[in-house]
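Open the model in your viewer and keep the selection panel at hand. We will go from one stop to the next.

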Amino acid sequence: MFENERDFRKLVAGIETNDEPNAAHRERLRRQMLQTFEQAGVRSVPVILNPGWDAHAARKLAVAAAVLLGASAAIWVWLGSAGGTGFGRVRAATEKAPWLLAVAKRYANDDVQTEQHWCDLAARKTYVLAEDGAVVGYDYGTGQMKVSYNPRLKTVVVSDLPRTGPFGVAAAYNFVQAFGVFASREDVKVEKSTAEQDGRTLRAYAVEATDPAFSIDGQDVAGLRVTVFADPKTKRIVAAGMEYRGPAGDVLAREDWVVSYPQAGPASIYDVGVPRTARVSDMRQGYRGTPGNEPAPIFTPAPTSGFRLEPLRIELPKRMFVGTPQDGRTPHLEKPRGAPRPPFLAPAGTVNVARGKPVSSSDTEPLIGSLDLVTDGGKDATEDNVVELGPRPQHVTIDLLERCEIYAVVLWHQHRWPRVYHDVVVQVSDDPAFKTGVRTVFNNDADNSLGLGAGRDLHYTETYEGKLLDGKSTRGRYVRCYSNGNTHDELNHYIEVEVYGRPVRSIEGN
Amino acid sequence: MVAIMAKPVEQTGHDDLVVLAKSQTAALGRLYDLYYERIFRFCVHRLFNRSTAEDVTSSVFLTVARGMSRFEGRTEQDFRSWVYTIATNQANAHIRKTIRRQRLLGNAVAQRRAREQDSDEWSSLDWPILYAAIQQLKPEHQTILTLRFFENMDYDDIARVVGARPATIRVMLHRILRKLQKVLGGDPGGEE
């Protein structure tokens, strides 16, 4: 028997084993490794976005709130301006929809700000919801007013519509008027091309405008390039990309828009989370008072509207660590919010449709736990709640058992420690094999190591709040979540995945 | 080819190479040449199977390739700690994934060991038997044992790889050897 380290070392030294490397493997791996290294150093161009965009550089920019206003106006302006370029059918099909929901992602200072734009095309109203709960409504229909809600002051301010907007066009959110002005310009040229997104071939229409007359972070925007992507089957716009350039041609900011067409939308700002107890100040009539006595109704709800947005009620697990430590090694990491997550609004009646639903995985034999833990409702970061999948890319797929309209996905990996999981991608499809009809709702695989397309979403640190991903009203039966190890080890962990949505049959039955 | 284990670790000064390898393919290739064999042998010692060791070695270096441009270390010691940490995690992940197979292997060899108990001399201890005994330990303990005796790392280096203090490693190693004594003494239940 060995008695100490020295004895054991002698013992080991006398043991023989076949550990001579294989030269062929060594050379093959050498080539593969160096090729991987070179590929990792080449920035992937997102499939749906304009080439030449440096996402990381853009995130360093502080983008003023005016950006989204400008982007919205740009969409409307461009919708009209391309009427004579073969885009007329796209515009007509888009305008036929009762509602248009555009989810805009704004990249700034290593953070992503998301805004929802609910557009009632027939009534010519738009409601803009910011992440912090601020709401701005524009009524270019019968109301002819602008309504702004400040969640900190809990005050609604009613004012006149802006007289001028981007491009010098009055009534920027009334795209018909904006079109009338912009389309008359002779210097507008529409570039047509095709683009790939989630396996679909889309038609891309790009237009550039000079001197759009607004600024970003104090810098004048000298040029705006808008690319709109339309589905050739439905003829409707499904996405858009904006690129804002400064006087020197440098890119000031960029936004990505995903467009969907819900059957119903908010009838008033109170349907998008503004509390009815909010104080109202009508700047048009000098009125200041409390609700119920205001001189003019604000976006009077339509009697047939059963639509209302409410904050999701997400039950949070026990917090496992205090503070939000940052991993300096992880690039493109979301900055800590430093406060609880703001409420996320979804149509009334939205529930966690994933609860108790069957789960499958690329790793059929989890190292720890079982797959049913992913949807069992247990979110605490304890051993009995976590399923551990093997190294390298792995995924879990939840079968919702029927088509659902998905408003949010909340994802808890292992949140016992402040880890960052790599290559988080969430997709929705009606195809259990995820070969057709796949829609990506989140993707931070910046170097496309999963082969699903390079993503532009930021990495994030796991916390007890989980990661809430905007589902963008995507419809599908299956939800698949990918990951590729984490900053602590190469393994993949899932504690819970919640999918907030409503069955499509219940929506269409209304 | 059969080789003698426990080869000494080269003490080389390639700090500049590590810095260059973050952006230059040729420099990374040179680092690979320096470390391939070490990592492969480490994987063989941890995983027992050449084919599996090749797979894990591949995974280790592909992980290095993907992360090299973001690697913040500036010295060869930093790189060595990093690459061994990756190898340790990959090997442990593999072991955990195939834990049932490993237990079966361990039990089988332990039974053989028990049958040969009477004639045992330490000089007759072979690699399968020792490996089976090591497999009875926790993965972290297996790692420490391998790094210490097969990779000839000092306590400081091991501490960097596994994320513990050198003094802790020293104490753990002492306990690991005692547990290994117990296992080799005919208790296949190990430390579980």
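Start with both chains. This is a predicted model. Select the interface: 45 residues of chain A are in contact with 62 residues of chain B. About 5100 Å² is buried between chain A and chain B, and carbon and sulfur atoms give 61% of that area. Now pick A:Asp19, A:Met33 and A:Phe37. In chain A these lose the most area to chain B, together 14% of what that side buries.

Show the side chains of A:Arg26 and B:Glu37, which meet in a salt bridge at 3.8 Å, N to O. Colour chain A by element of secondary structure: α1, β1 (16–17) and α2 (23–40) each supply at least two residues of the side that touches chain B. The largest share, 11 residues, comes from α2(A).

Now the rings. Over all chains, the structure holds 12 aromatic pairs. Select A:Phe8 and B:Phe149: their ring centres are 4.7 Å apart and their planes lie at 75°, so the pair is edge-to-face. A:Phe8 is in helix α1 (residues 5–13) of chain A and B:Phe149 in helix α7 (residues 139–150) of chain B, so this pair joins two chains. Buried or exposed: which is A:Phe8? A:Phe8 has 0% relative accessibility, so it counts as buried. B:Phe149, also at 0%, counts as buried too.

Move to chain B. Ring pairs link B:Tyr32, B:Tyr36, B:Phe40 and B:Phe61 into a cluster.

Last stop: charges over rings. B:Arg148 lies over the face of B:Tyr155, 4.2 Å from the ring centre. In chain A, select A:Arg236, which lies over the face of A:Tyr261 at 4.7 Å from the ring centre.

How values were computed
Residues numbered from 1 in each chain as written. Chains lettered and ligands numbered in written order. Predicted model: local features only at pLDDT ≥ 70, side-chain atom pairs only at ≥ 80, totals over all residues. Heavy atoms only, no water. Phe/Tyr/Trp six-rings, centres within 6.5 Å; stacked < 30°, edge-to-face > 60°. Helix = DSSP H or I, 4+ residues; strand = E, 2+ residues; numbered from the N terminus. Buried < 20%, exposed > 50% of the residue type's maximum accessible area, 1.4 Å probe, protein only. Lys NZ or Arg CZ within 6 Å of the ring centre and 35° of its normal. Contact = heavy atoms within 4.5 Å. Buried area = accessible area lost by both parts, 1.4 Å probe. Salt bridge = Lys/Arg side-chain N within 4 Å of Asp/Glu carboxyl O.
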